[in-house]
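Visitor: I have a structure open and would like to learn how to read it. Could you walk me through it?

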Amino acid sequence: MEEILKTRGLKAYYGEQEILRGIDMTIPRNRVTAIMGPSGCGKTTLIRCFNRMHEATPGARIEGKIWLEGKDLMSMNPIQVRRMVGMVFQKPNPFPTMSIYENVLAGYRLNGIKLKRQEEQRIVEEALKKAGLWDEVKDSLRRRGTFLSGGQQQRLCIARALAVNPRLLLMDEPTSALDPKATRRVEELIGHLKETVTVVVVTHNVAQAGRVADYTAFLYWGELIEFGPTSRLFTTPQDPRTEEYLTGKFG
Amino acid sequence: MNKNLPRRLGKDRAATLVVFLLAIIPMVPLFLILLQLVMKGATSLNLQFLTSLPRPPGETGGGVLNAIAGSVILVTLASVMAVPTGILAGIYLAEYRDKILPHAIRVAADLLQGTPSIVIGILAYAWVVRPMHHFSALAGSGALAIIMLPVIVRTTEEVLVLVPKDLREAALALGVPRWRMILKVVLPTGMVGVTTGVLLSMARVAGETAPLLFTAFGNPFLSWKPTEPIDAMPLVIFNYATSPYPHWWRQAWSASLLLIAMVVLLNIAARLMARKIGGR
């Protein structure tokens, strides 16, 4: 298994509060890795360390080591990191002042990168196709992204993240604000995405981890309890806490 | 419970009626003012009134073109000074909320907003009119700008704070530097609200008289120069209403009606902008 991201002794704090208590973890390339665990266990904080968004919160800091493709992520400029590591949030958040077309290109336009019109159109079409949204919106690219349904908005946000060709795509409970049908579409999409990008998806939903993930990490109280191929972790968990969580005893 | 229902519905109707009547009361003075203005002012409000300069006392006719142009110039100059400054200060307050300096600025803006406008007029007199040795549009618009500033600062801050954190994070997660995030995402998202605040502050100063009395001073001729004294709608109303000529009194009424119409138009524009926010 080829690795894309590795952490050693990763700790994260909000002020004095220790959220992550030393995480050693390796994320395999071109696979879907799910991070599951009960509420407040640090799942979201963990992936927010991977694109240095954790530090965007006042009083928040990170200790320990993270490598992205062998490079020391903590010594890189956060802005540079975020252009390589895309993120999709819990609640769909298309920019309300922009059209669908502009939303997909936001990663370029907001960074002042000028593209030729043809290039723009190619990127928009490609990203929307990858996000499985092209057929639904190709005739209304000039409409505002906020007119779309919740599930479509979330796929628009996925297209926006994919448009800048990230190495790694982080998804923070991407379906928790969606109805079951929209959830299924996003889950199917995640399965296709791993051909071109590595996906790390945070979920509090055990069944979802089972459906979409090649590898699953179980996080509990800021510690990585168990990590391995999803089929192995689900059938023969090594740690009693993993088993209890999987069988619904807590969480 | 069912036995009580008719009684409770009756109470509900009575309470609704009381609240409705109380809500009508604040409308009464406004209605009376408008009625009075239309009755006294509409007769002299004609095309000539809008397009000609004042005539000497004793002659009838003439208009307030000098004051209309003056008010437009004064408010425009004041906006040029106050709008960029106020919006930038508002952005600062919205983005750096937890430090001591922003807190101090916020308190200062609130104090400035509560300062009587005559005091600001006196300051403009001391700071601009005295050194220049004469009254000027510049001094008047400076005073108006100081009155506009805190309104713009505070509305900009309030609107920008309401821009959801999700959108900021969406931009940051795309590798957008913070200053670009503020200029390209936060400000455009709140732009309608900011514009509403600017229009309301313009409406507010368009009717200010006190800070203009000894700054812009008034001018019976058409003047476009910022360094010269200039007339304004509220000044004309004040000067004509306190004059001994009945013809000027009638014109003061007409000027009042015109000024109210200008302010109402600005307010309606602000409302329309505000409705656009709600529509999003």
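Guide: Let's start in chain B, where helix α4 (residues 65–95) packs against helix α11 (residues 233–241) at an angle of about 140°, their axes 7 Å apart. Helices here are DSSP runs of H or I with at least four residues, strands are runs of E with at least two, and both are numbered from the N terminus. Axes are lines fitted to C-alpha atoms, for helices over the stretch in contact, and angles run from 0 to 180 degrees between N-to-C directions.

Before we go on: this is a predicted model, where local features need pLDDT of at least 70, side-chain atom pairs count only at pLDDT 80 or more, and totals for chains, interfaces and linings use all residues. Residues are numbered from 1 along each chain as its sequence is written, while chains are lettered from A and ligands numbered from 1 in the order in which they are written.

Visitor: What does that angle make α4(B) relative to α11(B)?

Guide: Oblique, because angles under 35 degrees count as roughly parallel, over 145 as roughly antiparallel, 65 to 115 as roughly perpendicular and the rest as oblique. So α4(B) is oblique to α11(B).

Visitor: Which residues make the contact?

Guide: Contact means that C-beta atoms, placed from the backbone, lie within 7 Å. From α4(B) you have B:A67, B:I68 and B:S71, and from α11(B) B:M233, B:L235 and B:V236. By class that's five nonpolar, one polar and no charged residues. Ala, Val, Leu, Ile, Met, Phe, Trp, Tyr, Cys and Pro count as nonpolar, Asp, Glu, Lys and Arg as charged, and the others, Gly among them, as polar.

Visitor: Now the sheets. What is the strand order in the open sheet of six strands?

Guide: Strands pair if DSSP finds at least two bridges between them. In chain A the order is β6-β7-β8-β3-β9-β10, with mixed pairing. At the edges sit β6 (85–88) and β10 (223–229) of chain A, each pairing on one side only. From one strand to the next, the twist averages 15°. Inside chain A, β7 (residues 168–172) and β8 (residues 198–203) pair in the parallel sense over five bridges, and A:L170 faces A:V200 of β8(A). Helix α7 (residues 150–162) of chain A packs on this sheet, touching β6 and β7 of chain A, and its direction makes about 170° with that of β6(A).

Visitor: And in the open sheet of four strands, which strands stand at the edges?

Guide: That one reads β2-β1-β4-β5 in chain A, with antiparallel pairing. β2 and β5 (71–72) of chain A are at the edges with a single partner strand each, so one side of each lacks a neighbour in the sheet. Nine bridges link the antiparallel strands β1 (residues 3–14) and β2 (residues 17–28) of chain A.

How values were computed. Two residues are in contact if their C-beta atoms, placed from the backbone, lie within 7 Å.
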